[in-house]
Amino acid sequence: MKNTNVLLAGATGYLGSFILKELIERKNHVVAIVRNPDRIGNDHENYLEIKTAEVTKPETLRDICKGIDTVISTVGITRQKDGLTYMDVDYRANMNLLDEAKKTGVKHFVYVSAINGDKHRNLKIFDAKENFVDALKVSGLNYTIVRPNGFFSDMKDFLQMAKSGRVYLFGSGNQKFNPIHGEDLARAIVDTLDEYNKEFTIGGPDVFSLNEISGLALQALEKPIKIVHLPDWLRTLTIWSLRTFTSVKTYGPIEFFLTLMAEDAIAPPYGKHHLEDFYIEEAKNFK
């Protein structure tokens with residue numbers, strides 16, 4: 001990949017921080033837009049420029065893409081907060097970035113969605129993401145849509161459950177997927193910045209069943225293997241009840257996890273980081 005000028009949105013998040021590191025290591029000039037500049041250090045002034053802006057407020061983004069070749073956006077929320085909805089952030093905030101990119105002649109826009117987002121548009125979080133994907137594809141800009149499997153950071157939920165001595169799963173627990181470490185995903189994204197108008201799905205190097213992931217979490221915490229399998233009808237009843245009696249702020253992230261955990265989601269494998277090693281390291285913070 002040749003050196004390029006990159007605008008990075010979401011630089012302080014889990015994935016964004018790894019992308020920022022990868023871009024700078026390859027000596028690209030990066031403009032990182034952040035709400036709070038105190039959350040990001042700058043030891044690389046030759047390659048990094050920090051600009052304060054809020055992607056949900058288009059007036060703060062005016063001319064922010066001037067001189068930029070590529071925009072990378074990891075902007076999105078799993079849990080709604082600050083009164084912002086999925087449509088506010090995953091769709092409209094990214095549209096604000098896209099509008100600025102179009103004004104200033106940006107060549108390439110990279111957007112990180114999620115695995116199977118196009119197949120689960122009935123979920124509020126995916127509906128917002130995929131509405132933006134639709135807009136990006138017809139924007140006239142070169143685009144890349146990245147669809148990663150679950151992040152290692154999301155897998156901490158299993159450690160949290162394992163801390164109590166047992167893990168609860170819906171159904172058989174044989175559903176399989178291959179989560180990916182943020183550092184591996186960042187490398188894959190930066191590796192493909194010269195490739196335009198494509199979508200790719202990507203996961204980590206190891207495919208696990210939910211039972212196996214639960215076992216790894218319990219082992220990392222030196223607990224005996226105790227996995228409780230709840231009937232799957234409880235999962236569907238939980239989703240229905242939450243949709244019926246709570247707001248999307250409450251049910252959005254739960255319906256997302258409960259829906260995706262009910263089926264296989266195996267992506268092309270990539271990377272060198274292994275979930276077992278991640279759990280062993282993270283377990284030190286749980287003991």
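This briefing walks through a few helices, loops and single residues of the structure above. The model is predicted, so local features need pLDDT of at least 70 and side-chain atom pairs count only at pLDDT 80 or more, while totals for chains, interfaces and linings use all residues. Residues are numbered from 1 along each chain as its sequence is written, and side-chain values use heavy atoms, with hydrogens and water left out. Helices (H or I, at least four residues) and strands (E, at least two) are DSSP runs, numbered from the N terminus.

**Helix α7**

- Which residues of α7 are buried? They are Arg235, Ile239 and Leu242. These three cover an arc of only 70 degrees around the axis, so they sit on the same side of α7. That arc is taken from the directions from the helix axis to the C-beta atoms.
- Over on the other side of α7, Trp233 and Phe245 are exposed. Here buried means under 20% relative accessible area, exposed means over 50%, and partly exposed is in between (1.4 Å probe, protein chains only).
- As background, an α-helix has 3.6 residues a turn, so residues three or four places apart point the same way.

**Helices α6 and α9**

- Two packed helices are described by the angle between their axes and the distance between the axes.
- For α6 (residues 210-220) and α9 (residues 275-283), the angle is about 35 degrees and the axes are 9 Å apart. Axes are lines fitted to C-alpha atoms, for helices over the stretch in contact, with angles running from 0 to 180 degrees between N-to-C directions.
- Who makes the contact? From α6 come Ile213, Leu216, Ala217 and Ala220, and from α9 come Leu275, Glu276, Tyr279, Ile280 and Ala283. Contact means heavy atoms within 4.5 Å.
- Sorted by class, this contact of α6 with α9 has 8 nonpolar, no polar and 1 charged residues. In that sorting, Ala, Val, Leu, Ile, Met, Phe, Trp, Tyr, Cys and Pro count as nonpolar, Asp, Glu, Lys and Arg as charged, and the others, Gly among them, as polar.
- Glu282 is also in α9 and, at 17% relative accessibility, counts as buried. Setting aside neighbours within four places in sequence, Glu282 touches Lys156 and Leu159.

**Tyr14, in helix α1**

- Tyr14 belongs to α1, residues 14-25, and its 27% relative accessibility makes it partly exposed.
- Tyr14 and Ser153 are 139 residues apart in sequence, yet 7.7 Å apart in space, C-alpha to C-alpha.
- Apart from neighbours within four places in sequence, the contacts of Tyr14 are Phe151, Phe152, Ser153, Ile180, His181 and Gly182.

**Loop residues**

- His120 is found in the loop between β5 (108-112) and α3 (124-137), and counts as buried at 10% relative accessibility. Beyond neighbours within four places in sequence, His120 meets Phe126, Thr259, Leu260 and Glu263.
- Asn116 is in the loop between β5 and α3 too, and is buried with a relative accessible area of 13%. Its phi is near 60 degrees, a positive value in a residue other than glycine.
- Asp63, in the loop between β3 (48-52) and β4 (70-73), also has a positive phi, about 65 degrees, without being a glycine. Asp63 is partly exposed, at 40% relative accessible area.
- For context, most residues other than glycine have a negative phi.
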